[in-house]
Amino acid sequence: MYRIENYVFPSSLEEACRLLNGDLRGSAVLGGGCWLRLGRRHLRNAVDISRLGLDGIEEKEGWLELGAGVTLRRLETDLAVTGRFGGILGRSVSSIVGVQFRNMVTVGGTVYARLGFSDLITTLLSLDARVVFYRAGEMGLGEYLASNGCPGDILTAVRIPDDGRQAAYESLRRSRTDFPVLAVAVSRLGEDWRVSVGARPFVAARAERAEACLSRGGGADQAGELAAQELRFGSNLRAGEDYRRKLAAVLVRRAAQTLERGGEGCEG
Amino acid sequence: MRVNITVNGILYQREIPCDTMLLDFVRQCGFMSVKRGCDTGNCGLCTVWVEDVPVLSCSYPAARADGKRVTTLEGVQEEAESLGRCMARQGAEQCGYCSPGFIMAVLAMARELDNPTDEEIAHYLEGNLCRCTGYASQMRAIRAWMKERRGEGEP
């Protein structure tokens, strides 16, 4: 468990950033705090941003904006979220531990940490999400995942184009509430497709050859095979590299087929 | 650091180490129904409500609860008793260690979901592990309790 010397509720994002940058190695922002708590860090400053009003869900000029403090549970229950993108945001997080846990874990804490096993990051990447930092400003989620991160900065929101994109989610778990062995999100806006594969066990990445295949009508089978070929997979205690690669072909195919049939809840 | 936390309607003003978890705080206040299980946020044994929202007290910093209202099993005794009676009748509490967290989760579910299906009940309670019952008796108990609440069953 972590140790904390000073627990601070900053009154503004500016103050929070100042606290962080005053002692970058000894400070951390507390989102939900569930992952951080499992580590052994000795924090001189725990900067709790839960009182900065970052927990809004807003529909803004063609975007759905999720404040960094929005909990995963709200992605399952808030109608502004469940009514969009085929309800994928709520569904993709619904197997994460239990309701009590999801009442604590935040969108911002999950995305900022760029966790490889994240169901949410996999989904957001398939929806062309963008991340907003207090100092660094806005950037694509993919760009953030590929960067060295934003130490000393604070993620304030995640923005998703509210463009009517439909999406489907597939994951395999060794038990219902465990981390995923592999997570796949596929989205579609007309003939514009996105394929995102996470828990490889590396952080989610787009499978662009699979996307191009789907866009030109190459079909779900071929897209699955391409995703399995083009992405890098690895081994950990949940599964080996070869197994994950084979699984990717299956899950990408299934998710793409769901969208070819018209989305979640539609029979072929 | 100094915190002011209202637990089951009583204000507790305490000086605590900054890394105190809410689980330890409420137990130090005498609310011993709250149990430590996995201590990693997985088993649901330590479930309490903060502002009526169920959370895992093993992973919730007590500092974050400063100024807030916390409810443990001791704060919902009447409802807990009726559910506990249904659990006893159905053999749904064996060693009993998970029961306080389980009951807090079921009561939260009853506030959140209107007449849930078995599938919805099972999904809502996935975060509450029990190593004795196999869950079938718990499901029977919940169904009986919900029926009783709707005035359809024997008290």
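**View 1. Where chain A meets chain B.** Here 22 residues of chain A are in contact with 22 residues of chain B, two residues being in contact if their C-beta atoms, placed from the backbone, lie within 7 Å. This is a predicted model, in which local features need pLDDT of at least 70 and side-chain atom pairs count only at pLDDT 80 or more, while totals for chains, interfaces and linings use all residues. Residues are numbered from 1 along each chain as its sequence is written, and chains are lettered from A and ligands numbered from 1 in the order in which they are written.

**View 2. The chain A side of the meeting place.** Look for β1(A), which gives the most to this side that touches chain B, with five residues. Helices (H or I, at least four residues) and strands (E, at least two) are DSSP runs, numbered from the N terminus.

**View 3. The two domains of chain B.** The domain assignment, which is automatic or from a database, gives domain 1 (2-74) and domain 2 (75-149) of chain B. Their C-alpha centres lie 21 Å apart.

**View 4. Where the domains of chain B touch.** In chain B, 17 residues of domain 1 are in contact with 15 residues of domain 2. Strand β3 (residues 47-50) of chain B gives the most to the domain 1 side, with three residues.

**View 5. The elements of chain B.** You can find five helices and five strands in chain B. From the N terminus on, they run β-β-α-β-β-β-α-α-α-α.
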